Amino acid sequence: MTKRVLVMLEASALIKDLKGRFGDLMFHQSGGCCDGSSPMCFEKGEFKLGGSDVKIGTIDDCEFWMSKDQFEYWQHTQLTIGITKGYGSSFSIEIPTGFRFMIHSRLFTDDEIKDLEPVELFED
């Protein structure tokens with residue numbers, strides 16, 4: 001099964017550190033507000049999900065969500081979460097570390113599209 005979201009080693013190390021400090025985490029792909037289209041990391045449950053959110057996968061046992069509108073745009077794209085030095089202007093939990101999460105993307109191949117990981121809709 002082709003995963004919709006992957007994580008780079010450096011980002012995985014940061015996630016591990018953050019989980020050690022804060023416990024379970026979750027990600028939400030920003031829709032352009034605040035920090036552009038950065039993936040934002042929160043303590044699990046600190047970002048209010050609703051009926052317009054879609055879980056596209058998990059990275060390091062952290063759920064990765066985005067809005068249905070964003071998913072319509074990104075559905076044919078595999079996302080890979082990385083990090084870069086610097087401070088973002090978002091509410092994402094990693095900002096005080098001097099790093100920020102960033103997204104890399106590529107289009108799925110025709111073969112990959114036939115075997116994509118299913119998405120889940122948020123249910124209250």
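Thr77 sits in strand S6, which spans residues 77-85; strands here are DSSP runs of E with at least two residues, numbered from the N terminus. The model is predicted, so to speak of local features a pLDDT of at least 70 is needed, side-chain atom pairs count only at pLDDT 80 or more, and totals for chains, interfaces and linings use all residues. Residues are numbered from 1 along each chain as its sequence is written, and side-chain values use heavy atoms, with hydrogens and water left out.

Thr77 counts as buried because its relative accessibility is 11%, where buried means under 20% relative accessible area (1.4 Å probe, protein chains only). Leaving aside residues up to four places away in sequence, Thr77 touches Arg4, Ser105, Arg106, Leu107 and Phe108; a contact means heavy atoms within 4.5 Å.

Now to the sheet around S6. Three strands form an open sheet in the order S1-S6-S7, with mixed pairing. Strands S1 (5-7) and S7 (99-107) are at the edges with a single partner strand each, so one side of each has no neighbour in the sheet. From one strand to the next, the twist averages 30°, with axes as lines fitted to C-alpha atoms and angles from 0 to 180 degrees between N-to-C directions.

Here are the strand pairs, where pairing takes at least two DSSP bridges:

| Strands | Sense | Bridges | Opposite residues |
|---|---|---|---|
| S2 and S5 | parallel | four bridges | His28 and Trp65 |

Strand S5 (residues 62-67) is mostly covered, with five of its six residues buried. In the hairpin of S4 and S5, two residues lie between the strands, and Asp60 takes a positive phi near 50°.

Notes:
Buried < 20%, exposed > 50% of the residue type's maximum accessible area, 1.4 Å probe, protein only.
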